[in-house]
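Thanks for asking me to look this one over.

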Amino acid sequence: MKSKVYFSRCISAETVLKLYQLLDAPLTGKVAIKVHSGEPGNQNFLRPAFWKPVIDQVGGTVTECNTAYDGGRNTTAKHLYTLRQHGWNTSFDVDLLDAEGPDLELAIPNGKCIRKNFVGKNITNYDSMLVLSHFKGHPMGGYGGALKQLSIGVASAYGKAYIHGVGKPEEFWTSDRNSFLESMADAAGSVMEFFENKIAYINVMANMSVDCDCCAVAEDPCMKDIGVLASLDPVAIDQACLDLVYAAKDDPGQAHLLERIESRNGVHTIEAAAALGLGSREYELITIE
C-alpha cells in the first residue's frame with residue numbers, strides 16, 4: 001500500500017497546521033517536538049514563529065540535542081544560550097534531551113552498520129514525537145529531511161559522532177560515506193521503535209540552500225520555495241521531497257542543489273531506510289490547495 005503524503009505549495013504557518021490536522025496523527029501522551037534550533041549565524045533555519053501554530057495545537061515540548069562539532073550548540077551551556085537567543089524559549093517549553101548524562105542506549109539488533117544508538121536520556125519522558133524538518137542540502141548527507149532529524153537530530157552529542165563514524169566516533173570525518181548514510185537509517189529505526197511508530201513528520205521545502213542549518217556560514221538558498229509536506233512515513237516524505245526537486249526543471253538553482261545531493265549519494269539514506277522496513281518509497285501525493 002502506498003503511503004499518503006499531503007502536499008501544499010502554500011508555505012505558511014497555517015498550512016503546516018492544516019496538513020498536520022489531515023494526518024490524524026497517532027500522537028498520544030506527552031509529545032516531544034523535534035526542531036532544528038539553528039546554528040548561530042545561519043540565515044536559513046525556520047524560526048519559532050513559523051512553527052508556533054502547530055506546536056500550540058499539539059501542546060508538546062520543543063526538544064533538541066547537542067552537536068558533536070565546535071560551534072554555538074556543542075555544549076549544554078552554549079546550546080541553551082542559542083535556544084534563548086533564537087527565541088525558542090519565548091513561547092515554548094524547551095527540553096535539551098542530552099543536557100545531562102548519561103545517554104540512553106537504544107539497541108538496533110537488525111542494524112546494517114551499527115547495532116546501537118545513543119540519545120539524550122530525557123527522551124524517556126515522552127510518549128510520541130512530532131518531527132519538524134527543514135528540507136535542504138547537507139554537506140555530508142547530501143540532503144537533510146525527516147530521516148536526518150530522526151537519526152542525527154535525536155542522537156546525543158556522542159551519538160552523533162557514533163553515527164557519523166559508523167560506530168567509531170573517532171572516525172567522525174573519515175568514515176565511508178555509504179556506511180554513514182546506512183548508519184543514519186539504522187539510528188532512525190531505533191527511534192521509531194522506541195516510540196512504537198507514534199511519530200508524525202512535516203517537511204518544509206523553503207530556504208533551500210545546499211548547506212544545512214547546522215552551518216554557521218551557509219550559502220543562501222539556491223532554489224525557489226516548493227511547499228509543505230506531511231506524512232506518517234519518513235521514507236515517503238523524504239522521497240517525495242527529492243522527487244519534487246527533480247521535477248523543478250525550470251528552476252535555475254536545481255542543478256546546484258542536485259549536485260550536492262547526488263555527489264553525496266543522498267538518496268542512499270532513503271534506500272537504506274526502505275530496506276530496513278522503515279517506510280515505503282511508493283507514495284500517494286495528495287495536493288491540498
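Predicted model: local features only at pLDDT ≥ 70, side-chain atom pairs only at ≥ 80, totals over all residues.

1. How much space lies in the largest pocket? The volume is about 330 Å³. Its lining takes in 23 residues, and those closest to the centre are Tyr69, His138, Ile152, His164 and Cys214. Helix 5 has the largest share, with 4 residues.

2. The second largest pocket holds about 160 Å³ of space. Its lining consists of Ala107, Ile108, Pro109, Asn110, Gly111, Asp186, Gly189, Ser190, Glu193, Leu276 and Leu278. Here helix 7 gives the most, again with a count of 4 residues. By class, this lining divides into 5 nonpolar, 4 polar and 2 charged residues.

3. Now for the packing of two of these helices. Helix 5 and helix 7 meet at an angle of about 80°, and their axes are 8 Å apart. Angles of 65 to 115 degrees count as roughly perpendicular, so helix 5 is roughly perpendicular to helix 7. Helix 5 brings Leu147, Lys148, Leu150, Ser151 and Ile152 to the contact, while helix 7 brings Phe180, Met184, Ala187, Ala188, Val191 and Met192. By class, the contact has 9 nonpolar, 1 polar and 1 charged residues. Do look at Ile152 while you are there: this residue of helix 5 takes part in the contact with helix 7 and is also among those closest to the centre of the largest pocket.

4. Is helix 6 mostly covered or mostly uncovered? Helix 6 is mostly covered, with 6 of its 8 residues buried. The buried ones are Gly159, Lys160, Ala161, Tyr162, Ile163 and His164. What covers them includes strand 6 (116-119), helix 5 and helix 7. His164, buried in helix 6, is one of the residues closest to the centre of the largest pocket.

5. One backbone detail to finish: Val166, which follows helix 6, has a positive phi, near 55°.

Definitions and conventions. Residues numbered from 1 in each chain as written. Heavy atoms only, no water. 1 Å grid on protein atoms, 1.4 Å probe; cavity = no way out; pocket = protein on both sides within 12 Å on 5 of 7 lines; lining within 4 Å. Points joined across faces, edges and corners; volume = space filled by probe spheres on them. Helix = DSSP H or I, 4+ residues; strand = E, 2+ residues; numbered from the N terminus. Nonpolar A, V, L, I, M, F, W, Y, C, P; charged D, E, K, R; others polar. Axes fitted to C-alpha atoms, helices over the stretch in contact; angles between N-to-C directions. Parallel < 35°, antiparallel > 145°, perpendicular 65-115°, else oblique. Contact = heavy atoms within 4.5 Å. Buried < 20%, exposed > 50% of the residue type's maximum accessible area, 1.4 Å probe, protein only.
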